[in-house]
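Student: Before we start, please show me the model. I would like to ask how its labels are assigned.

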Amino acid sequence: MRTGDFEILDDRFKLLVKVAAKVEKLFEGCRWAEGPAYFPAHRVLVWSDIPNDRMLRFDEASGATSVFRQPAGYANGNTVDREGRLVTCEHGNRRVTRTEHDGRITVIADCFEGKRFNSPNDVVVKSDSSIWFTDPAYGIDSDYEGHKGESEIGACHVYRVDPASGAIRIVADDFVRPNGLAFSPDERLLYIADSGVSHVKDGPKHLRVFDVSEDGRLSGGAVFATCTSAVFDGFRLDTEGRIWAGVGEGVHCLDPDGTLIGKVHVPERVANVAFGGPKRNRLFLCGTTSLYAVLLAVNGAKTF
């Protein structure tokens with residue numbers, strides 16, 4: 001049942017939305033919007049406009065948008081760590097960085113066993129301060145989202161950076177194109193998208209779910225859900241473990257049992273989402289050329 005900007009596929013979705021709420025366009029003028037990260041202390045959202053090699057900043061209080069950083073290393077995914085600092089995946093520089101409180105940029109990871117990464121894509125920080133990121137090859141496929149180049153590693157993996165030693169290890173090595181990732185609210189599960197259909201005929205366009213051990217190792221990896229509209233790109237979870245994922249027609253909401261229970265329709269393809277606002281119940285959406293937001297009747301899982 002379609003009601004305004006929402007499509008209810010399962011009664012479980014009815015309590016998650018207010019049908020009177022609308023998807024609002026907050027900014028337009030991007031080439032490919034990605035990687036939203038919300039900073040509650042300042043009520044601002046930072047996101048990437050990859051082909052324009054810039055990062056933008058939306059002020060929730062004033063509604064104004066400004067340039068946060070340009071050039072930005074063809075930044076893609078962003079997140080906020082446990083100390084309120086920005087962590088960024090940079091396609092162009094083929095690295096993961098952290099912006100310190102004084103504005104300095106610290107390189108967290110730029111190579112594995114002496115070989116440069118492909119183009120780190122999305123990143124999350126666990127409560128133990130370990131940093132997890134995906135490394136597909138989208139940023140080196142052409143000059144559109146980075147710098148065209150060869151893969152030195154020769155494959156696309158998922159990595160973990162140890163919070164104490166800074167050591168980097170592969171935690172998943174059987175993906176075609178690992179993309180978005182996020183932990184369950186209790187951090188016992190890690191969901192990872194594979195958008196490999198972009199490069200392989202009949203390739204993966206699904207989410208997989210892994211069990212996370214106390215020492216930061218993954219097991220399992222079964223397919224959790226297959227996308228019915230383009231691919232799963234970036235996603236985030238609410239407090240009850242439901243997944244809100246960017247897809248071709250907007251946002252898909254998946255119950256913890258994997259059922260697609262509802263959709264948020266957006267005029268453009270959505271790459272990534274982030275919960276924000278004072279109550280974490282405003283879902284920010286990075287559409288192709290625009291930033292959108294919609295107020296929900298649920299709260300995003302607390303990740304900082």
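Predicted model: local features only at pLDDT ≥ 70, side-chain atom pairs only at ≥ 80, totals over all residues.

Tutor: Residues are numbered from 1 along each chain as its sequence is written, and side-chain values use heavy atoms, with hydrogens and water left out.

Student: Why is Lys-25 called partly exposed?

Tutor: Buried means under 20% relative accessible area, exposed over 50%, and partly exposed in between, with a 1.4 Å probe and protein chains only. Lys-25 has 45% relative accessibility, so the label is partly exposed.

Student: What makes the link between Lys-25 and Glu-28 a polar contact?

Tutor: The term requires a pair of N or O atoms within 3.5 Å; within protein, one must be able to donate a hydrogen and the other to accept it, and residues adjacent in sequence count only if both atoms are side-chain atoms. The side chains of Lys-25 and Glu-28 are joined at 3.2 Å.

Student: Why is the pair Phe-27 and Trp-47 called edge-to-face?

Tutor: Rings of Phe, Tyr and Trp (its six-membered ring) pair if their centres lie within 6.5 Å; planes under 30 degrees apart are stacked, over 60 edge-to-face, and the rest tilted. By this rule there are 12 aromatic pairs. For Phe-27 and Trp-47 the centres are 5.8 Å apart and the planes are at 65°, so the pair is edge-to-face.

Student: Which parts does this pair tie together?

Tutor: Phe-27 is in strand E3 and Trp-47 in strand E5 (residues 44-49), so the pair ties parts 20 residues apart in sequence. Strands here are DSSP runs (E, at least two residues), numbered from the N terminus. Trp-47, at 0% relative accessibility, counts as buried.

Student: What makes Phe-117 and Tyr-159 edge-to-face?

Tutor: Their ring centres are 4.9 Å apart and their planes are at 70°, so the pair is edge-to-face. Phe-117 is buried, with a relative accessible area of 0%, and Tyr-159 is buried, also with 0%.

Student: How do you know that Arg-208 lies over the face of Phe-175?

Tutor: NZ of Lys or CZ of Arg must be within 6 Å of the ring centre and within 35 degrees of the ring normal. Arg-208 is at 4.5 Å from the ring centre of Phe-175 and lies over its face.

Student: Why is Glu-34 said to have no salt bridge?

Tutor: A salt bridge needs a side-chain nitrogen of Lys or Arg within 4 Å of a carboxyl oxygen of Asp or Glu. For Glu-34, which is buried, the nearest side chain of opposite charge, Arg-269, is 8.3 Å away.

Note on methods
Helix = DSSP H or I, 4+ residues; strand = E, 2+ residues; numbered from the N terminus. Lys, Arg positive; Asp, Glu negative; His and termini not counted.
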